[in-house]
Amino acid sequence: MKLEQQLKRLSLSGLAAAILLLVVPQEAFAMHIMEGFLPPMWALAWWLLFLPCLWYGLVRLRRIVQEDSNQKVLLALCGAFIFVLSALKIPSVTGSCSHPTGVGLAVILFGPGVVAILGAIVLLFQALLLAHGGLTTLGANGMSMAVIGPIVGYLVWKMACKAGFRRDVSVFLCAMLADLATYFVTSLQLGVAFPDPQAGFVGSSLKFMGIFCLTQVPIAIAEGLLTVMIYDQLTKRQLIATEGR
């Protein structure tokens with residue numbers, strides 16, 4: 001009971017921040033690809049790639065809940081963390097926006113499969129309530145933020161732990177590189193959909209990377225530090241076990 005109460009207090013803090021985001025005006029163009037921006041062929045292609053990931057995520061989520069129903073509150077906390085961080089759009093000097101992703105914590109606690117479901121829910125609510133992203137582009141945004149970024153973060157987490165890195169360093173690297181991988185994949189998605197007439201796919205992708213890089217790198221570092229702080233608080237309060245992670 002004490003465990004659930006502490007997790008609920010943390011979740012309520014995230015919910016309060018999420019409600020604040022709903023009433024604060026937001027810019028419409030950010031690292032999420034906006035509604036209708038991708039050509040229909042590419043929007044459909046990314047959806048077809050994303051659907052099997054959702055199915056696998058549902059299988060993993062169901063197994064986790066069946067093994068320990070108390071994990072529901074921690075799953076909700078991870079979802080709220082993703083929602084709040086990925087809704088914080090920070091203006092870039094190029095006129096676009098960048099934002100954290102918040103997937104690192106869920107990747108560490110539950111693995112990348114579950115993040116596909118949490119990310120899809122977050123992206124759906126942001127598209128409907130914040131005009132952030134879109135329904136037609138949810139497949140593309142899901143592949144970058146909820147699939148490929150988390151997979152990169154998970155691999156980094158496992159390699160860092162296996163290499164004997166300190167726990168806080170491993171958490172930091174996981175969250176930071178998952179964020180940067182998301183931005184990298186989004187740039188590739190835009191580059192392949194809108195190749196440069198002269199430089200082609202590569203040149204276009206590099207241009208899109210340049211739109212985000214000035215703000216995304218410090219954001220990724222800040223996200224890594226914040227994730228370390230949250231993970232540290234969860235372990236100090238004995239809300240999660242560190243053995244075997």
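A crossing of helices is called left-handed if the near helix is turned anticlockwise from the far one by less than a right angle, and right-handed if clockwise. With that in hand, I looked up α5 and α6 and recorded a right-handed crossing.

I worked on a predicted model, in which local features need pLDDT of at least 70, side-chain atom pairs count only at pLDDT 80 or more, and totals for chains, interfaces and linings use all residues. Residues are numbered from 1 along each chain, and side-chain values use heavy atoms, without hydrogens and water.

I noted that α5 (residues 112-129) and α6 (residues 138-162) pack at about 145°, their axes 9 Å apart; angles run from 0 to 180 degrees between N-to-C directions. Helices are DSSP runs (H or I, at least four residues). Contact (heavy atoms within 4.5 Å) involves, among others, Val115, Gly119 and Val122 of α5 and Met145, Pro150 and Tyr154 of α6. I found 14 nonpolar, three polar and no charged residues there, with Gly classed as polar.

I next looked up the largest nonpolar core, which has 53 residues. Such a core joins buried Ala, Val, Leu, Ile, Met, Phe, Trp, Tyr and Cys residues through side-chain atoms within 4.5 Å; buried means under 20% relative accessible area (1.4 Å probe, protein chains only). Ile82 is one of the residues with the most contacts inside this core. α3 (71-86) is among its suppliers and gives the most, nine residues.

Finally, I checked α3 itself: 14 of its 16 residues are buried. I also listed the partners of Ile82, which include Val115, Val122 and Met145.

How values were computed. Helix = DSSP H or I, 4+ residues; strand = E, 2+ residues; numbered from the N terminus. Buried < 20%, exposed > 50% of the residue type's maximum accessible area, 1.4 Å probe, protein only. Lists of a residue's contacts leave out its neighbours within four places in sequence.
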